[in-house]
Amino acid sequence: MHLLNPINFSFPLLASATEAADSSMVVAAVLLSLVVVYLASKVGGELSNKLGLPPVLGELVGGVVVGVSVLHLLVFPEGGTEASNSLIMTFLQTTAGLSPEATPAVFAAQSEVVSVLAELGVIILLFEIGLESNLKDLMAVGIQATVVAVVGVAVPFAAGTVGLMTLFGISAVPAIFAGAALTATSIGITSKVLSELGRLNSKEGQIILGAAVIDDVLGIIVLAVVASLAKDGVVDVGKVIYLIISATGFILGAILLGNVFNRSFVAIANHLKTRGGVVIPAFVFAFAMAYLAAVIHLEAILGAFAAGLVLEETDKRKELQTQVCPIADMLVPIFFVTVGAKTDLGVLNPAIPDNREGLIMATFLIIVAIIGKVITGLSVFGQPEINRLAIGVGMIPRGEVGLVFAGVGAASGVLSKPLGAAIIMMVILTTFLAPPLLRFVFPEPKTAGSEQLVLDGASGTSLVIEPPQSKVSVTEKTTESRDS
């Protein structure tokens, strides 16, 4: 069991459901939560689509509406919300006979289940994105993506840390922590929007995606450093070196694995005759890679993305993409709605004295967060025709990655309430601004009359002529980007 120590395998969900909470009530609460999630995602996504915005933005806004900021339908105890504030718990008390004494245990178990489903959703999202990405194209922009990632980490971190210390008199450790929160890019949100825009396999999309992956790895290293600094005032150099080596080895190992695993996967899939003969082995591989990434203290989503890149090279790619799509349609919206639901817009209220100082610092952090990432596009070299502004904008959203930094900082006690509120506000605005800005900076694809030419991202060959705004059907060379 020593191998399992790096991961917390203590599930309050299991303990609550079997010991303290009525399992039937937990199931009922989860089912109601999923009803709320899917209604919020579809209503928000459809409204966003009608406004010409990416559906993922509607899913996030829908999550905000049903979450702690507005309706209190989907709330979570880690945000300080009590069971009595959950309308789902109130509904169960009224209609299903849930007792007030059992409500806290049911609430905790229900929240844990939804959170686990959300994490599973983002893992599957990154696996799907990996399947849609071409490894050769991603490696072709590897140098540019690395430069973009390094600049995107260094500039916001330095500007944020120095600015907070000099302009606001913040002490070194909390300033460093806040600066670190500016570094990471939400690969889940960015890749989803690029997929919806049909830009995932463009040169800009591949640089953004590659840089976001590297950004995530660098962000984990930065988080480990600042968390260590916040804990005892010193940096654990050994841990930092371990993270650098393990991250580099994992990514290179995944790329090399693709060259030897492809044929084995196809051979195994060809021998399986029952249902799920392709998708089940693929998910076994994806979850194993995600587990391996988590074991070596990387993000599980990076392992899933690497698994998708590997399987994209196989002959079963088209069939696998087709079968993964409906599964992603079921689980991915849970992730985006949950991110929105956990966002407390109460920190934007200037009537609360603690928020006034936070609003000023938030304005500074938002400016640094946006400019610090937009600058990254200027670091791309050797590509005279590339859309550098689009690359910079694609690196803006912090999303769930920024919330991880804010959560760790709050748990460590290193962040004051105003600074913590400022970080959360920065995360909110960068997350919501990025999708419409990406659509703005990416021009509409060239069209021939009322029809649009769709190209294969790997070969560049034309595949199908379709009207604008319509979905691309699964053909022999491409699959449709999943629409929320």
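## Aromatic pairs

A search of the whole structure turns up four aromatic pairs. One of them joins phenylalanine 283 and phenylalanine 287, and this pair is stacked. The ring centres lie 5.5 Å apart, with 20° between the planes. Two values are quoted because a pair of aromatic rings is described by the distance of the centres and the angle of the planes. The model is a predicted one.

Both partners belong to helix 12, which covers residues 279-295. Phenylalanine 283 and phenylalanine 287 are four residues apart, about one turn of the helix. Their surroundings can be compared through relative accessible area. Phenylalanine 283 has 9%, so it is buried. Phenylalanine 287 has 36%, so it is partly exposed.

## A charge over a ring

Another ring has a charged neighbour. The charged end of lysine 342 sits over the ring of phenylalanine 76. The distance from that charged end to the ring centre is 4.8 Å.

## The protein as a whole

The protein has 484 residues, and 52% of them count as buried. Its secondary structure includes 18 helices and three strands. The accessible surface comes to about 21100 Å². Carbon and sulfur atoms account for 67% of that surface.

Glutamate 132 lies in helix 5, which spans residues 103-132. Is glutamate 132 buried or exposed? Its relative accessible area is 11%, and the limit for buried is under 20%, so glutamate 132 is buried.

In sequence, glutamate 132 and glycine 308 are 176 residues apart. In space, their C-alpha atoms are 7.9 Å apart.

## A nonpolar patch on the surface

Which residues form a nonpolar patch on the surface? They are Val61, Val65, Val70 and Leu71. Together they have about 290 Å² of accessible area.

Valine 65 is one of these four residues. Its place is in helix 3, residues 55-66. Valine 65 has a relative accessibility of 36%, so it counts as partly exposed.

Terms used
Residues numbered from 1 in each chain as written. Predicted model: local features only at pLDDT ≥ 70, side-chain atom pairs only at ≥ 80, totals over all residues. Heavy atoms only, no water. Patch = residues over 30% accessible without salt bridge, like charges linked within 9 Å, V, L, I, M, F, W, Y side chains within 5 Å. Areas by Shrake-Rupley, 256 points an atom, 1.4 Å probe, with all protein chains shown as cover. Salt bridge = Lys/Arg side-chain N within 4 Å of Asp/Glu carboxyl O. Helix = DSSP H or I, 4+ residues; strand = E, 2+ residues; numbered from the N terminus. Buried < 20%, exposed > 50% of the residue type's maximum accessible area, 1.4 Å probe, protein only. Phe/Tyr/Trp six-rings, centres within 6.5 Å; stacked < 30°, edge-to-face > 60°. Lys NZ or Arg CZ within 6 Å of the ring centre and 35° of its normal.
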